[in-house]
Amino acid sequence: MLRRYRFEILAIITILAFCVLFVYTSSMSGNAEFAGSDDIGSSQISRMTGVPEENFHPLIWQWVPPSGEIESALFALQAAVGGIFVGWFFGYWKGLKGRE
Amino acid sequence: MHIMEGFLPWQWCLLWWFIALPCLALGVYQLKKVLSLDREALPLLGVVGGFVFILSSLKIPSPVTMSCSHPTGTGLPAIAFGPWITAVIGAIVLLFQALFLAHGGLSTLGANTVSMGIAGPLVGWGVYRALRDTRVNLYATVFLAAAFADLFTYVVTSLQLALAYPVGGFWTAFAVFMGIFAVTQVPLAILESVILMLVFRYIVQLRPGILIRLKVFPGSKITAARGDA
């Protein structure tokens with residue numbers, strides 16, 4: 001039983017360990033912002049070059065989601081599309097296997 | 001790992017686009033070929049590509065640097081279909097994010113495709129090819145390939161930024177960007193690889209035939225992994 005589900009168990013342990021580590025380190029450093037590394041990278045560029053961030057203009061015009069809510073909706077959409085693909089084809093395989 | 005729109009000088013944008021385009025063309029060609037040769041390739045493509053969509057949308061907090069970053073999921077398609085087809089999948093995801101999320105942009109899409117779609121998967125694929133025909137366990141191979149594909153993506157982003165902004169010398173800048181991108185990524189790469197290993201196990205159990213026909217792993221290794229349930 002344990003051996004049969006060892007990969008599932010390993011995945012759960014890894015996720016739990018990750019969560020515990022996250023809770024521990026974030027409680028240690030109370031003012032952690034957890035900003036995106038993309039944005040940190042951009043502000044680092046601005047610091048290194050001495051050019052303020054707002055002076056970096058898009059080379060090609062870009063639509064920016066008007067709010068964080070809209071952005072998170074579109075991110076959820078992306079994950080949902082991926083989830084549909086994964087579920088659809090795993091289901092297809094499972095059905096084929098049942099018929100064989 | 002996105003380089004934001006406007007944060008890469010146009011000369012560098014052009015250079016990375018020039019590197020990305022031939023790889024994408026090769027990927028589209030290979031994709032057409034593999035899909036016409038084997039009907040079972042499409043479901044496999046859907047599963048491994050689907051995980052790139054899912055994983056790259058999850059911004060996960062990294063306990064090491066207290067910032068958020070996303071896994072890439074490109075290790076699995078690199079193993080199943082090689083780095084060039086993976087480049088096409090990566091480019092599609094990055095295009096979506098550039099158009100609708102303002103994560104990365106059209107001018108930096110070439111550079112971002114090179115890091116997430118090409119360089120990372122290429123390194124992951126290299127690790128997998130080096131271990132495929134050895135006695136190393138099949139799942140350990142998947143784990144390592146996925147972890148290297150993820151980590152190296154961020155190493156290349158750091159490299160691209162250090163090349164464009166070598167303030168204080170290339171290596172100093174490289175170290176700074178590695179601190180922002182690659183260090184953050186280490187725990188995420190481990191997390192991602194454990195999950196992709198589990199996904200690969202389900203594929204081995206449900207549809208081993210396609211993995212053998214695409215010569216992903218030698219038949220004997222797949223059979224051994226199945227008997228090992």
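**Interface between chains A and B**

The contact draws 52 residues from chain A and 53 residues from chain B, where two residues are in contact if their C-beta atoms, placed from the backbone, lie within 7 Å. This is a predicted model, in which local features need pLDDT of at least 70, side-chain atom pairs count only at pLDDT 80 or more, and totals for chains, interfaces and linings use all residues. Residues are numbered from 1 along each chain as its sequence is written, and chains are lettered from A and ligands numbered from 1 in the order in which they are written.

- On the side of chain A that touches chain B, two or more residues come from each of α1 (6-28), β1 (35-36), α2 (37-49) and α3 (68-99) of chain A; helices (H or I, at least four residues) and strands (E, at least two) are DSSP runs, numbered from the N terminus.
- The most residues on this side, 17, come from α3(A).

**Strand pairing**

- β1(A) is joined by two bridges to strand β2 (residues 67-69) of chain B, and the strands run parallel; pairing requires that DSSP finds at least two bridges between two strands.
- A:G36 has B:C68 of β2(B) as its bridge partner.

**Helix α2 of chain B**

- Because 13 of its 15 residues are buried, α2(B) is largely enclosed by the rest of the structure; buried means that 20 or more other C-beta atoms lie within 10 Å of the residue's own, with C-beta atoms placed from the backbone.

**Contacts of B:L196**

- Leaving aside neighbours within four places in sequence, B:L196 is in contact with residues including B:F51, B:L76 and B:V142.

How values were computed: A residue is buried if 20 or more other C-beta atoms lie within 10 Å of its own, exposed if 12 or fewer, and partly exposed in between; C-beta atoms are placed from the backbone.
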